[in-house]
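Here are a few notes to go with the model. Have it open while you read.

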Amino acid sequence: MPFTRLAAATTPTCHLGLGLAAVGRPGYINLGRDRDLGADRSADALRARTHELLDAAYAQGVRYVDAARSYGRSEEFLADWLRTRPHTGDVVVGSKWGYTYTAGWRTDAERHEVKDHGLATYERQRAESAALLGDRIDLYQIHSVTPDSPALTDKELHARLAEAAASGTTVGFSTSGPAQADAIRAALAVTVDGEPLFRTVQSTYNALETSAGPALAEAHDAGLTVIVKEGMANGRLAGPQAPEALREVARQTGYGCDAVALALVLRRPWAGVVLSGAATLDQLASNLHAPAVDLDEEQVARLDALAEDPRAYWDRRAGLPWH
C-alpha cells in the first residue's frame, strides 16, 4: 500500500492531499472558479498554476496528489512536475479512469465528460495514464462508482484490475451520488480468488453531505484507506457562500471557513486523506491550516447540524454551472 509512506510522515499536513480537478481543465463546477482563474485558461497558464500549487503543497508537507483522465490535462501537468523535480519521489500519485474528457478545452461545451466503466475503456485509459505517468502511478481508481455501475459485476474487468494489483498498482474506486453508501458496501464485497479487490475508497463527505460516513467507517475497518473529496462541497462551504453556523465557528477559531470545513472531516477517525481542491495559492494556504483547527464539541455539534438530505444535496450539485 503506497499510503504506508504517509503513515511515516510527521508533518501536520500528512493527511491532506491536493486534487487537480479544478486546475487541469478550463471548466469546472466549483463556485467562484471563474474569478479564481481569470481570463487566461490556456494550457500553459493552467500548467504553470498547477506547478505552483504542487510546489507550495509539497513544501508544506503534502504528499498525496489526485488526478484523473477526465481532469483535462491534469496527468500531463503532474507528469511534467514530477519529471522536473527529482526530489519528489516520496509523493503518492493517484489517478482515475472511467470518464473521458470531451470538452475540447472549452468552458461552454455541451458535455464535459462521458462516463463508461467498461473493460475497453479501462484498457484504453490505463495505457493513456501509463504513457504520461509511467511507474509513478501508485493508485488507479474507478471514477465515480454508483450502485448500478457495471464495474461492480464485470468479472473480466475484476480480473484485469487484479492483474494490475499483482504488478504493484493499488486498485481503488471513488463514489458519487446520493447512494454512495450502497456503492461502497457493494464494492467491499468484490473479491478475486477470495481476496478483496479494492484497497482504497474515495468519496464525497462534508458538513452538508454526511450520508457515506457509516459505510466509510466500515471500509476503514475492512482495511481500506479512505480518501475524502469535495470536503468544501464545491465551494459551498468556503467564503461568503458558507452557512452562517460555519462562518460563526470560523470567527471563533480565527481560521477560514474552508479550514474549519476540512478540519471537521479530519476529525473522523476513518479519514485517511482529505483532499484540497484549491485553485489558488491563497486557497491552498488557507486549506492547509485545517490540521491546526481545534474544534470543541459544541462547535462540532453546530456543524453536524448542517447536514442536508443527500438527494437534495446531489440535485443541487448537479445544477452547478461549469465555469
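1. Which helices and strands do the buried residues of H10 pack against? They pack against strand E11 (225–229), helix H9 (244–253), strand E12 (273–276), helix H11 (281–287) and helix H12 (297–304). Helices (H or I, at least four residues) and strands (E, at least two) are DSSP runs, numbered from the N terminus; contact means heavy atoms within 4.5 Å.

2. Before going on: this is a predicted model, where local features need pLDDT of at least 70 and side-chain atom pairs count only at pLDDT 80 or more, while totals for chains, interfaces and linings use all residues. Residues are numbered from 1 along each chain as its sequence is written, and side-chain values use heavy atoms, with hydrogens and water left out.

3. Back to H10 (residues 257–266): nine of its 10 residues are buried, so the rest of the structure largely encloses this helix. Buried means under 20% relative accessible area, exposed over 50%, partly exposed in between (1.4 Å probe, protein chains only). Among the buried ones are Cys257, Asp258 and Val265.

4. Arg41 sits in the loop between helix H2 (33–37) and H3. Arg41 is buried too, at a relative accessible area of 15%. Its side chain reaches the backbone oxygen of Pro26 at 2.8 Å, a distance to set against the polar-contact rule (a pair of N or O atoms within 3.5 Å; within protein, one must be able to donate a hydrogen and the other to accept it, and residues adjacent in sequence count only if both atoms are side-chain atoms). Leaving aside neighbours within four places in sequence, the contacts of Arg41 include Arg33, Asp34, Trp105 and His323.
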